[in-house]
Amino acid sequence: RLRALLLNEPRGGVFTHVVTRPFAAAAVRAGMANAFAPSPVPERYFETAAVARAAEPRAMKANAHDIIVLKREVTARQDRYARELRLPIAVLSGEDDSVVYTSIHSQGLKSALPDTRLEVLPGVGHLPHEARPDLLRELVDWAAARAAREPG
């Protein structure tokens, strides 16, 4: 209902420009803490990553739209993965991700695609690339090297 409200004009505009303003920073910080959980949010991450932009009215409206169509779009495309994805796929997931479930999404992608390397980080939430940027780089290099060996 909240997402639909955000997309409704003029009520959505009033909501995002007026009603949410006093609570925006706290809501973004709570969302950020959830994304990192169970790990702590790195010191000064809120400021250095400019996370507050997520609470800007245009960003809130765009995010609401994305979330509304996300499940439908992912479901519609999942049967195409095995037919259309030809390159090696590298996936980095947090075992404790409560936003995108590793057991469904990451494991499902690995099951659907034979040339997939999946790395699951124990004790890490939705931002595994923040927890292990070195492993992210390793996965990118792995995928690039495998793709370079594939015939045109």
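Figure 1. Serine 106 counts as buried because its relative accessibility is 8%, where buried means under 20% relative accessible area, exposed over 50% and partly exposed in between (1.4 Å probe, protein chains only). The model shown is predicted, so that local features need pLDDT of at least 70 and side-chain atom pairs count only at pLDDT 80 or more, while totals for chains, interfaces and linings use all residues. Residues are numbered from 1 along each chain as its sequence is written, and side-chain values use heavy atoms, with hydrogens and water left out. Serine 106 lies in helix α7, which covers residues 102-112; helices (H or I, at least four residues) and strands (E, at least two) are DSSP runs, numbered from the N terminus. When neighbours within four places in sequence are set aside, serine 106 is in contact with Val91, Ser93, Tyr101 and Leu118, contact meaning heavy atoms within 4.5 Å.

**Figure 2. Threonine 102, also in helix α7.** Threonine 102 is buried, with a relative accessible area of 9%. Apart from neighbours within four places in sequence, the residues in contact with threonine 102 are Ser93, Gly94, Glu95, Asp97, Gln107 and Val120.

**Figure 3. Strands β1 and β2.** Strand β1 (residues 89-94) has five of its six residues buried, and is therefore largely enclosed by the rest of the structure. Its pairing with strand β2 (residues 116-121) is parallel and runs over six bridges, two strands being taken to pair if DSSP finds at least two bridges between them. Within this pairing, serine 93 has valine 120 of β2 as its bridge partner.

**Figure 4. The buried side of helix α9.** Helix α9 (residues 133-149) has 17 residues and reaches 25 Å from its first C-alpha to its last, close to the 24 Å expected at 1.5 Å a residue; the expected span is 1.5 Å times one less than the number of residues. Leu135, Leu139, Trp142 and Ala143 are the buried residues shown in α9. They cover an arc of only 90° around the axis, which puts them on the same side of α9, the arc being that of the directions from the helix axis to the C-beta atoms. β1 and β2 are among the elements that cover the buried residues of α9, whereas the face turned away from the buried side carries the exposed residues Arg137 and Ala148.

**Figure 5. The buried face of helix α3.** Helix α3 (residues 24-36) comprises 13 residues and spans 18 Å from its first C-alpha to its last, close to the 18 Å expected at 1.5 Å a residue. Ala24, Val28, Met32, Ala35 and Phe36 are buried in α3. Seen down the helix axis, the buried residues of α3 fall within an arc of 100°, so they line one face of the helix. The cover over these buried residues includes α4 (45-48) and α8 (128-131).
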